[in-house]
Each structure stands twice: as structure tokens, then as C-alpha cells.
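Hi,

Here is the model I promised to pass on. Have a look at it first, then read my notes below.

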Amino acid sequence: MNNLMKLFLRDSRNHITQLLNSLIQYKKNPKSRLIIENAFRAVHSIKTEASYLQLDNIANLSHEIENELEFFLAKKNVFSKEKYDSLIKKAEMLQKMIKSVEKKTSASASGGRAKEKLELEVKKEKDCDEFSDSEDVDNEKTEDQVFDEFQLHLLSEAMKRGESLYRIACDILPDTVMKYARLYLIVNNLELHCNLIKTIPAIDISEVYNSKDTDNNIIMPNPSMEENTRIICYVTTRKNHDQIYSIVNVDEVKNIQIINIPYEPYLLDNFQQESLENMMFAARTISVKLDRLDFLFSSIHKMRMELNTKYDSISKEAASILERNLKTMKDSVSHLRMATLSDEFSSMPSLINKIAFNKGKEADIFFDDNNIEIDCSVFEYIYDPIIHIFKNAIDHGIETIEERKAKGKNPKGKIECKTYLEKGTLVIRISDDGKGVDFDKIAEKSGCSDAELKQPGKLLSVISSPGFTTKENADEHSGRGFGMNLVKEKLSKIDGALLEIDSKKDKGTVITIKLSDNYVAKKFLYLISNEEVLAVPADLVEEKVESLTDVFKAKNNQIMYRDIPIYTKEGILFSDKIEGFEKFKGVIIHKNNRRALILCEKILFKESIPANRFYLIKSSLPYLFLIKISGLNTEYYYLDGSITDIY
């Protein structure tokens with residue numbers, strides 16, 4: 001199963017839940033436009049991803065639901081009871097179709113054996129008796145053997161990601177009213193917060209609502225499911241036992257039993273031993289609390305610093321081995337918290353090229369992230385927006401091959417994502433060389449004048465309004481008017497995030513996301529200068545100089561290396577002597593077209609630190625700061641590149 005299918009199956013669970021919950025909320029508040037907009041966003045996301053994967057039945061049904069929701073948003077009417085019931089049924093059918101894709105994907109990938117296992121699973125679930133508190137070992141074996149091929153694939157992928165596998169058993173009080181509704185609530189909660197692999201018995205929302213009390217217009221639970229007093233769930237997650245308990249601890253639950261179980265018994269019979277060993281090796285990660293990760297980082301930092309500053313008696317060979325091992329440990333810890341944009345979006349080119357091909361277009365995708373590492377926590381909020389911006393660039397920006405040829409353009413379009421830092425801000429700039437925004441059509445649709453649209457922020461405000469689109473007819477990719485609205489809403493969850501747009505006719509469009517540089521790692525190079533640890537910005541370091549043999553005295557006794565002024569942490573160096581410099585070292589920094597050599601006795605090591613883990617304390621000099629790193633009792637100085645401004 002490819003990455004796009006995995007992404008679709010993962011996301012569709014949350015989207016279906018959002019769709020159903022929104023429809024249920026609508027019944028309580030039938031005049032709320034916001035509720036229908038939430039439902040529309042969910043089904044729009046399902047339709048878009050299904051279209052890319054050519055899951056036509058799912059895309060078509062999603063399209064039908066979109067049409068009905070769009071009619072509500074356009075006419076501002078209240079759904080009739082019949083229309084509401086029809087929407088619920090279609091949403092439930094959509095959920096069934098997505099679950100069917102999981103099974104069909106497994107069967108087609110694995111042949112007849114998978115099909116036989118699926119049939120065996122169905123039979124076992126039908127024959128499954130009510131589980132008791134005293135279930136024996138044989139029952140446990142029967143239960144454990146019902147994973148189908150697709151579920152085994154999900155387990156192997158979860159193990160590669162370093163997630164833990166849990167078996168969760170929940171017992172409902174026997175006299176509970178609407179037992180199955182309680183069971184479904186448990187499953188729904190797990191689906192929202194974990195990766196749900198399997199439940200016993202199987203829970204399907206369509207089975208909850210199979211009959212109605214027509215007199216009171218109340219949807220009733222399926223009586224055939226009301227005998228169940230226990231549910232067993234298998235999930236993979238990075239959450240711990242306490243967090244899982246809080247997820248499943250709903251009213252009327254008598255007992256909750258949670259156990260972390262190994263993957264190997266389930267996967268050993270389904271993969272070659274060598275493949276399993278490779279997966280196990282790849283999965284050597286565990287979920288840890290952030291403070292423990294930071295403590296590990298601090299411990300490694302201390303060891304590296306002590307090795308480089310205190311243990312001069314140790315042999316160079318031993319010190320080199322220790323430093324190499326400590327650096328490997330440090331890099332491993334850093335990668336758990338930080339990643340570059342190109343790493344996270346490595347599958348983007350294949351996704352965009354697929355969309356482009358279906359529209360008679362071609363485009364080259366470029367990432368230039370300047371090796372900037374971003375805190376992984378923020379990807380939760382920027383992943384969907386960046387995907388939508390790329391999709392919009394193909395759908396609305398890049399012309400067809402014939403259109404580009406007629407304009408004298410390269411037949412193949414270009415979309416570029418560039419990441420850089422600018423005055424304390426992390427900038428993610430996505431640009432295309434397409435036809436640009438159609439200001440005339442936007443003005444016509446919005447009622448704004450051309451001059452108004454060119455006012456700061458006005459264009460973005462208009463095109464990100466729910467339901468706004470310039471397309472006459474919607475297709476499986478766009479035209480509903482919720483793409484940019486989704487982008488804006490997601491980014492609004494990040495404190496201080498800004499979204500900007502700039503477009504020129506036939507030149508292309510630039511969409512810029514601006515975030516605080518608190519989400520970026522700061523890179524330091526540590527030096528020993530005058531027996532003190534000095535940190536300089538590693539990004540400014542142009543060259544390390546191991547021996548100062550080309551030192552000379554310029555006018556006014558200024559000491560120079562080649563043609564570069566020499567600095568200490570206190571400023572430019574002047575002296576009436578030039579002897580003894582051969583025992584010193586230095587690093588050349590380059591900022592604002594100025595170069596400077598920072599004098600030191602020893603060059604230590606380079607290190608990346610998340611921006612929210614350190615702070616600077618001003619000193620009497622505007623370019624020199626005392627640096628404090630959380631978890632460390634540091635006595636370091638930070639030398640800012642602005643020291644070159646005094647030259």
C-alpha cells in the first residue's frame with residue numbers, strides 16, 4: 001500500500017467522525033452555518049484524497065454530500081427531516097465504503113490467503129460469544145488470531161514508527177441502558193486519539209441506528225447489539241497507560257484493563273525472519289516525555305563539554321572515539337524533536353505530479369529549506385495547509401501544457417517551497433510561475449473593486465472566506481471554496497502565525513506562511529576564548545582556522561589575519577606586537593558583507609538547540625550575551641554576528 005493510501009485511510013477516520021458529529025450537532029442547532037461548514041470541510045477532504053487515489057465510489061458519494069451541504073450554505077435553508085435523514089445515511093454509507101477499501105486493499109495486495117483470512121475473521125466475529133471476566137487461554141488465542149492481512153500491515157507500520165501496541169478490555173455494567181452506545185463511544189474516542197487496529201466485537205455506527213421511535217422522532221439503538229457487556233480493542237499509539245485510561249473511561253464502565261503487548265507474535269508468521277528483524281531494528285524508538293528527552297540532551301551536552309574542556313590528559317584517539325559516539329547520540333535525540341521541511345514533505349512531488357497529469361499539466365517541484373530544522377510539534381498544523389497550497393498551485397495557477405506554450409512559457413511549470421529566517425521569523429514561501437490570480441473574476445464574485453482587492457490583506461480575506469470560489473463548476477479537486485479557508489483555519493491554531501498572498505498576472509502567485517522562530521533550532525559553534533566557553537552563530541561561520549600564520553599589523557596597530565580584522569569577544573584587537581599568534585585558532589564569520597575572525601584557543605563542536613530551550617541575558621556590550629540553556633547550569637557567552645557592525 002502506497003503512502004497516499006495510508007494517508008487517506010488515516011485521515012478519513014477523523015474526517016468521518018467530524019462529518020457525523022457535525023450532522024448530529026446540526027439537529028440541535030439547525031440554523032448554524034458554522035456547523036455545516038465544519039461538515040463540508042470534512043467531506044471535502046475525503047473527496048479530494050479519494051479522487052487522487054481514483055476511489056471513484058467514495059469520491060462520487062462525497063461529491064453528492066457536498067452538493068447537498070453546498071445547497072444549504074447557498075440558500076441558507078433548514079434541512080427537512082427527510083433530507084437530514086438522507087445525509088446521515090449517506091455519511092454512514094461513506095464510512096462503510098472507506099472500511100471496505102481497507103479490506104479490499106489487503107486482499108488485492110496479498111491474494112487468496114488474505115481473502116480466506118477475511119472470511120475466517122467474519123465467521124469468528126459472528127460466532128463470538130459474550131466475553132466474561134474469566135475468559136481462558138484458548139479464548140485469548142482465538143481472539144489474537146483474527147487479525148487480517150491489512151491489520152497486520154498496520155501493525156508493522158506502527159512498529160516502524162515506534163508506536164506501542166496495546167490491548168484494551170472494557171466491561172460495561174450489565175444493567176446499563178444502551179450498552180452498545182457506550183461501546184461505540186469508547187471506540188469513537190480511541191479512533192480520535194489513537195490508531196485503532198481492531199475491536200471485538202466489531203463496532204459499526206450504522207448498526208447503532210437501525211430503527212426509530214416514529215412517535216417521538218428518536219433514533220433508537222439496535223436491540224441485537226444490546227447484549228454485549230465487553231469490548232476488546234487493539235490500538236497503536238505513543239500515549240502511555242494513564243492517557244489511554246482517560247480516553248476510554250466513560251460513564252457506566254465497570255472495569256478497564258490495559259496491557260502493552262509485543263508485536264512479534266502477530267508478525268512472525270506473516271513476514272520473512274530477515275524482514276521482521278529489519279522492522280524491529282527500525283522500530284527501536286519509544287514514546288518519551290519531552291522533559292526526559294531534554295534531560296537526555298542536557299546530559300549529552302555536559303559530557304561533550306567536559307570531554308572538550310576538562311580532560312586534556314586523555315589520548316587524542318580515545319577523545320575522538322568518545323566525541324564521535326556522543327555526537328551520534330546527540331543527533332539521534334535532536335532528530336526526535338526537529339526535522340526539515342523537505343524531509344517531512346518528501347512524498348509531495350509524486351502527489352502533485354499525479355494531480356497535474358490528470359489535468360494535462362506538468363510541474364517541477366523544488367524544496368529549498370536551507371537546512372533549517374523545525375520543531376516537529378508544529379507540523380501537525382502546517383502539514384495540511386502546505387498540501388492545500390501546492391494543490392491550489394496546480395489547480396488554479398499552473399496552466400496546461402498547451403496554454404503555457406501559447407504564452408511562450410516553459411511547457412513544464414515550476415512550484416517552489418523555500419524556507420528561511422528573516423528578522424526573528426520563520427518564513428515558508430510557496431511560489432508558482434502560473435497565470436496568477438484572476439482579479440477581475442474575484443472582484444466580480446466578491447463585489448469588491450480592483451483597488452480594494454489590492455489593499456493589504458483584502459485579497460486573502462476574500463479568497464479564504466468559506467464557500468468563496470471563482471470556479472463555475474466544482475470538480476474532485478477544487479471549486480467548493482473551502483481550500484484556502486482550511487489553510488487559514490489550521491494556521492490560526494499557531495500563536496502568531498501569519499498568512500500572506502501576492503500575485504501577478506501571468507507571472508504567478510506567492511503564498512507565504514510566517515511563524516515565530518521559536519519553532520526553529522538555533523545552531524551554535526562553541527569555542528574556548530580566554531579560558532571561557534563562547535558560542536557563535538554556526539550559520540555565520542565561513543571557515544575554521546587552525547593556525548594563525550598570516551597575521552600582520554595594519555595601520556593604527558590593528559591586528560589582521562590576511563585582510564580580515566581579528567576580534568575577541570570584547571571587540572576589534574589592537575596591539576603593538578604580533579608575536580605568539582601561531583598558538584591561537586579562529587573562526588571566520590560573515591555577516592552583512594563583512595567578515596571577522598573570532599580569536600580563540602580551541603574550537604569545540606557544533607550543536608543545534610530548539611529556540612524555546614534557551615534564552616539570552618544582555619551584557620554591557622550590545623553584541624555579547626550570557627546564554628542560559630534549560631537543564632544546564634551554563635556559564636557561556638553568546639557572541640552575536642552584529643559584532644561586525646562595529647568595524
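Two strands count as paired here if DSSP finds at least two bridges between them. The strands themselves (E, at least two residues) and the helices (H or I, at least four) are DSSP runs, numbered from the N terminus.

Some housekeeping before the details. This is a predicted model, in which local features need pLDDT of at least 70 and side-chain atom pairs count only at pLDDT 80 or more, while totals for chains, interfaces and linings use all residues. Residues are numbered from 1 along each chain as its sequence is written, and side-chain values use heavy atoms, with hydrogens and water left out.

Let me start with β14, residues 521-529. Eight of its nine residues are buried, where buried means under 20% relative accessible area, against over 50% for exposed and partly exposed in between (1.4 Å probe, protein chains only). β14 runs antiparallel to β15 (residues 532-537), with six bridges joining the two, and L527 stands opposite L534 in that pairing.

Seven antiparallel bridges link β13 to β11, residues 425-432, and one of the pairs is T425 with S516. On β12 (residues 498-504) there are again seven bridges to β13, also antiparallel, with D502 opposite V510.

E373 sits in the loop between β8 (363-368) and β9 (374-375). E373 is buried but has no salt bridge, and the nearest side chain of opposite charge, K523, is 4.8 Å away. For the record, a salt bridge needs a side-chain nitrogen of Lys or Arg within 4 Å of a carboxyl oxygen of Asp or Glu; Lys and Arg count as positive and Asp and Glu as negative, with His and the chain ends not counted. What E373 does have is a polar contact of 3.3 Å between its side chain and that of S608. (A polar contact is a pair of N or O atoms within 3.5 Å; within protein, one must be able to donate a hydrogen and the other to accept it, and residues adjacent in sequence count only if both atoms are side-chain atoms.) Beyond four places in sequence, the residues that E373 touches (heavy atoms within 4.5 Å) include M338, Y519, K523 and S608.

The other one, E68, lies in helix α3, residues 56-75. E68 is buried at 13% relative accessible area, and its side chain makes a polar contact of 2.5 Å with that of K90. Leaving aside neighbours within four places, E68 is in contact with F79, K83, S86, L87 and K90. The C-alpha atoms of E68 and K83 are 8.7 Å apart, with the two residues 15 apart along the chain.

Last, helix α16 (residues 348-358). Its buried residues are M348, L351, I352, I355 and A356. They lie on the same side of α16, because they cover an arc of only 130° around the axis, taken from the directions from the helix axis to the C-beta atoms. After α16 comes G360, with a positive phi near 70°.

Cheers
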